[in-house]
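Reader: I'd like to learn how to read a structure like this one, feature by feature. Can we start with what counts as a touch between residues?

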Amino acid sequence: MDYKKFYIEDDSVGKKEFHCELTAQFSQSDMNGNLSLASILSITSDGAVEDFALRGMDYLMLKNNNFGILVSRSSYRFHRMPKSSERIEFVTWEEKPQPLQFMRVYQIYDSNKNLLISARSTWLCVDLSSRRI
């Protein structure tokens with residue numbers, strides 16, 4: 001698959017956005033030619049995990065420190081569904097963390113920078129031994 005990844009930083013507000021440009025694949029689409037909900041959930045969760053990993057919080061670092069990160073809740077707003085073979089740009093960033101949880105924002109744009117999907121999620125930090133937050 002053809003894709004491009006990069007960061008955009010805004011030091012004035014302390015925000016570091018992770019961007020990934022990709023093409024919606026036929027195999028990710030439903031019978032109407034729209035990107036499936038399962039594929040959208042995969043793109044957003046995989047993008048968040050990749051952003052965490054690029055910033056040093058990958059699976060091995062968390063496991064070695066006996067921590068895990070779990071999605072607690074998420075909400076999505078669909079402005080328009082991406083279509084099969086459409087070039088899209090996925091953007092995510094972390095908002096200011098709260099105790100024991102991370103707040104994350106997601107946006108998906110078309111090639112003309114029109115907002116297709118906006119979303120938010122909360123991730124919880126969990127002790128793997130005690131299974132407590």
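This is a predicted model: local features need pLDDT of at least 70, side-chain atom pairs count only at pLDDT 80 or more; totals for chains, interfaces and linings use all residues.

Reader: Okay, then which residues does Ala119 touch, not counting residues up to four places away in sequence?

Author: Ala119 touches Ser75, Tyr76, Arg104, Val105 and Tyr106. You'll find Ala119 in strand 6, residues 115–127.

Reader: Is Ala119 buried or exposed?

Author: Buried means under 20% relative accessible area. Ala119 comes in at 6%, so it counts as buried. For a sense of distance, its C-alpha atom is separated by 21 Å from that of Leu54, which is 65 residues apart from it along the chain.

Reader: What about Thr92: where is it, and what is it in contact with?

Author: Thr92 belongs to strand 4, which runs over residues 87–94. With neighbours within four places in sequence left aside, its contacts are Lys16, Glu17, Phe18, Gly47, Asp51, Arg104, Val105 and Tyr106. Its relative accessible area is 0%, so Thr92 is buried. Look at the side chain too: one of its polar atoms lies 2.8 Å from the backbone oxygen of Val105.

Reader: Let's turn to empty space. How do I read a pocket?

Author: Rolling a probe the size of a water molecule over the atoms shows where empty space is left. In this model, the second largest pocket holds about 220 Å³ of space. It is lined by 14 residues, and the closest to its centre are Met57, Asp58, Tyr59, Leu62 and Ile69. The elements giving two or more residues to that lining are helix 1 (37–54), helix 2 (59–64) and strand 3 (67–78).

Reader: Which element gives the most to the lining of the second largest pocket?

Author: Strand 3 does, with 4 residues.

Reader: Last topic: backbone angles. What should I look for in phi?

Author: Most residues other than glycine have a negative phi. Here, Asn66 has a positive phi, near 65°, and Ser85 also has a positive one, near 70°.

Reader: Where do Asn66 and Ser85 sit?

Author: Asn66 is in the loop between helix 2 and strand 3, while Ser85 is in the loop between strand 3 and strand 4. Exposed means over 50%, and partly exposed lies between that and buried. Asn66 has 26% relative accessibility, so it counts as partly exposed. Ser85 has 58%, so it counts as exposed.

Notes: Residues are numbered from 1 along each chain as its sequence is written. Side-chain values use heavy atoms; hydrogens and water are left out. Buried means under 20% relative accessible area, exposed over 50%, partly exposed in between (1.4 Å probe, protein chains only). A polar contact is a pair of N or O atoms within 3.5 Å; within protein, one must be able to donate a hydrogen and the other to accept it, and residues adjacent in sequence count only if both atoms are side-chain atoms. Contact means heavy atoms within 4.5 Å. On a 1 Å grid over the protein atoms alone, a cavity is a set of points where a 1.4 Å probe fits but cannot get out, and a pocket is an open set with protein on both sides within 12 Å along at least five of seven lines; lining residues have an atom within 4 Å of a point. Grid points are joined across faces, edges and corners, and a volume is the space filled by probe spheres set on the points.
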